[in-house]
Amino acid sequence: MAKVTVKSLYKIYGPRPQKALPLVKQGISKDELLKKTGNGIGINDASFDVQEGEIFVVMGLSGSGKSTLIRCLNRLIEPTAGEIHIDGQNIVGCSDDVLLQVRRKKVAMVFQHFALFPHRTVAENVAYGLEVQKVPPEERIKKAYEALEMVGLSGYEESFPSELSGGMQQRVGLARALATEADILLMDEAFSALDPLIRTEMQDELIALQERMKKTIIFITHDLDEALKIGDRIAIMKEGVVVQIGTPEEILDHPADDYVRAFIKDVNRAKVLTASAVMKKPDGVVTLKDGIRVAMRKMEEVGISSIFVVDKARILQGIVTIDDAIDALKRGETSLQAIINNDIETTDGDTPLLDLMPIAIKTKYPIAVINDSNKLLGIIVRVSVLAGILGEEAESND
Amino acid sequence: MIRLPLGEYFEAFIDLLKDNFDPFFKGMKKGVLSIIDHIEDFLHFIPWWLLIILVAILAWRLSGKKLGILSAIGLYIIYSIDLWSEMIDTLSLVFSATFLALVIGIPLGIWMAKKDMVERIVKPILDFMQTMPAFVYLIPSVIFFGLGKMPGAIATIIFAMPPVVRLTNLGIRQVPEDVVEAATSFGSTSGQMLLKVQIPLAMPTILAGVNQTIMLSLSMVVISAMIGARGLGEVVLSGVTQMQIGDGFEGGIAVVILAIVLDRITQAVGTRTNAKKTS
């Protein structure tokens with residue numbers, strides 16, 4: 001079951017939103033609605049699921065409704081219509097008590113401008129979520145110290161937020177959200193106010209923390225590179241509408257419309273696309289027992305000059321070239337064992353294309369994509385590395 | 001021209017209140033008087049030298065040696081011009097009026113900050129209270145409560161309350177929105193929000209309001225000598241009416257000293273709260 005499910009969520013600003021709702025559902029445009037009733041559209045029919053343990057990124061430009069959306073999830077903003085299920089419980093229209101418990105136990109939030117309490121020490125800030133739950137002081141301070149250690153801020157517990165740098169303040173913000181042990185983290189442009197180096201550092205740390213903690217994270221950003229880097233899945237929003245939801249690769253490879261296309265135009269695809277996105281099924285492989293003649297025939301059939309050799313379990317053994325095969329045949333050999341070449345480049349499926357480029361430039365043969373147990377998953381010819389980066393379908397072979 | 005009989009209407013309104021709510025005003029008078037009397041008895045009970053020492057220590061702890069010494073010298077001057085007892089009368093009235101103004105004003109300010117509707121209603125009333133010449137409050141006060149310190153205290157409360165209401169409202173509204181959002185997102189009840197976040201962050205502003213309220217009550221307490229409130233105002237008033245330049249001057253100086261001491265000490269409380277936040 002999904003951790004968070006959002007169903008046909010609407011947020012309409014301005015006077016008497018319920019009256020404007022039918023118009024919005026009929027598909028009235030933003031400008032027309034403003035002229036007719038004076039209402040603005042914040043979120044227009046948003047639906048999505050977020051799975052447990054996933055980093056779900058919502059991205060869009062300012063005014064796209066992404067901040068409104070995340071604030072609906074803990075009802076800092078009251079949705080006009082729709083459902084939000086957290087652990088299967090609909091929190092739209094639930095009682096104040098239920099809402100309070102959801103905010104205390106299930107959902108914690110990290111803010112763009114940190115939003116720390118300036119009159120409290122770092123530890124008191126982090127302990128705030130537990131304090132409002134009336135957790136005894138010793139226990140909440142202990143948990144606050146633990147959370148601060150997790151984000152690498154040990155030793156600053158008794159400082160005041162104003163004494164810390166921006167990056168450190170946001171670590172406090174993160175620790176404050178971790179301290180309540182809520183499963184769901186809402187991160188509202190959490191790293192946008194930090195300078196680029198610190199931002200990258202925080203992104204890496206968030207990914208590392210997530211490996212350990214397995215939270216369900218909903219992360220808002222306007223920065224596509226950030227979205228592609230940390231998101232397991234990305235939802236792109238435009239004028240309150242979710243235009244596309246998909247993995248980074250799906251979005252890069254199959255943008256839903258011109259808006260998304262314009263968005264991803266300047267993306268450094270080499271950083272995002274991985275080996276498995278551009279690899280293709282090997283056109284032909286031979287097994288060790290096949291012998292040289294079989295190998296040569298297969299190469300001729302598909303018109304390639306080298307072929308990978310695997311064993312019965314498709315474990316990669318090496319490569320054989322057509323030249324070596326001809327020579328060996330002239331010498332009267334028949335077994336592949338003698339001419340098999342082990343000097344080949346391999347990679348796993350998650351390697352970004354950027355890292356494959358130097359290899360692709362050096363190597364004479366296609367790159368073999370293998371899994372942990374050396375099983376051959378696919379091959380990447382040099383052209384497909386380039387084609388992948390340029391965003392074109394790889395057609396040609398070596 | 002037809003004269004609009006606004007004054008007559010107001011008189012009729014006051015008469016109406018007087019005729020129908022007399023028991024209420026009597027009860028109120030009893031309550032307020034007992035507060036004033038208790039504070040007065042207590043301050044008169046402390047020997048003059050002890051009070052000077054206590055004030056000096058307080059000023060020294062809050063601000064520094066300089067303010068401590070100056071407060072001691074100032075208060076000693078009041079004692080040495082033989083106006084100590086009058087000063088205590090004035091001080092008691094200032095404390096009681098300020099106390100009551102804060103008891104009403106701070107919650108009102110909080111309410112205003114939480115509800116825009118309340119702010120829209122209360123703001124013009126505060127404007128009215130502050131701009132109406134202070135003397136005007138004396139007349140209805142006398143009608144309801146007779147002569148003496150009681151009407152003085154009531155007029156003072158009305159006159160001195162607006163700043164603390166305004167600044168409490170302002171202080172709470174100035175708490176950054178994302179900090180309030182953060183507190184909400186972690187599941188604060190509105191009471192927890194108020195006590196743990198909004199009031200602490202608004203405290204420097206609220207204290208600035210308290211300081212203003214104290215200063216305004218002092219000025220009003222002096223004026224209310226005209227309706228029989230005792231104290232330094234009485235000294236000044238008799239100096240004016242009897243053309244006793246010397247007496248009037250002494251009374252005036254005592255008021256100035258009291259004002260400076262009260263102002264500096266309450267300001268020091270404000271800056272300390274400020275400093276704690278950013279230290």
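A: Two residues are in contact here when their heavy atoms lie within 4.5 Å. That cut-off is needed for what follows. The model is a predicted one.

The part to look at is helix H4 of chain A, residues 96–106. Which of its residues are buried? They are A:Leu99, A:Leu100, A:Val102, A:Arg103 and A:Arg104. What do these buried residues pack against? In chain A, the partners are strand S4 (81–86), strand S5 (89–90) and strand S6 (107–110). In chain B, the partners are helix H9 (177–185) and helix H10 (190–223).

Now step across to chain B. B:Thr184 lies in helix H9. Is B:Thr184 buried or exposed? Its relative accessibility is 18%. B:Thr184 counts as buried because the limit for that class is under 20%. B:Thr184 touches A:Leu76, A:Arg103 and B:Met193, leaving aside residues up to four places away in sequence. A:Arg103 is one of the buried residues of H4(A).

Next, the setting in chain A. This chain is divided into domain 1 (51–83 + 93–271) and domain 2 (276–390). Their contact takes 4 residues from domain 1 and 7 residues from domain 2. The centres of the two domains, taken over C-alpha atoms, are 44 Å apart. An unreviewed UniProt entry lists residues 28–264 of chain A as "domain: ABC transporter". That span is 43% helix and 22% strand. Its end C-alpha atoms lie 28 Å apart.

B:Leu6 sits in helix H1, residues 6–20. B:Leu6 counts as exposed because its relative accessibility is 58%, and the limit for that class is over 50%. The C-alpha atoms of B:Leu6 and B:Gln267 are separated by 41 Å. Along the chain, these two are 261 residues apart.

B:Leu50 is in helix H3 of chain B, residues 48–62. Its relative accessible area is 31%, so B:Leu50 is partly exposed. B:Leu50 belongs to a nonpolar surface patch of about 580 Å².

How values were computed: Residues numbered from 1 in each chain as written. Chains lettered and ligands numbered in written order. Predicted model: local features only at pLDDT ≥ 70, side-chain atom pairs only at ≥ 80, totals over all residues. Heavy atoms only, no water. Patch = residues over 30% accessible without salt bridge, like charges linked within 9 Å, V, L, I, M, F, W, Y side chains within 5 Å. Areas by Shrake-Rupley, 256 points an atom, 1.4 Å probe, with all protein chains shown as cover. Salt bridge = Lys/Arg side-chain N within 4 Å of Asp/Glu carboxyl O. Helix = DSSP H or I, 4+ residues; strand = E, 2+ residues; numbered from the N terminus. Buried < 20%, exposed > 50% of the residue type's maximum accessible area, 1.4 Å probe, protein only. UniProt positions renumbered as here; feature names shortened; annotations may be inferred. Domains from an automatic or database assignment.
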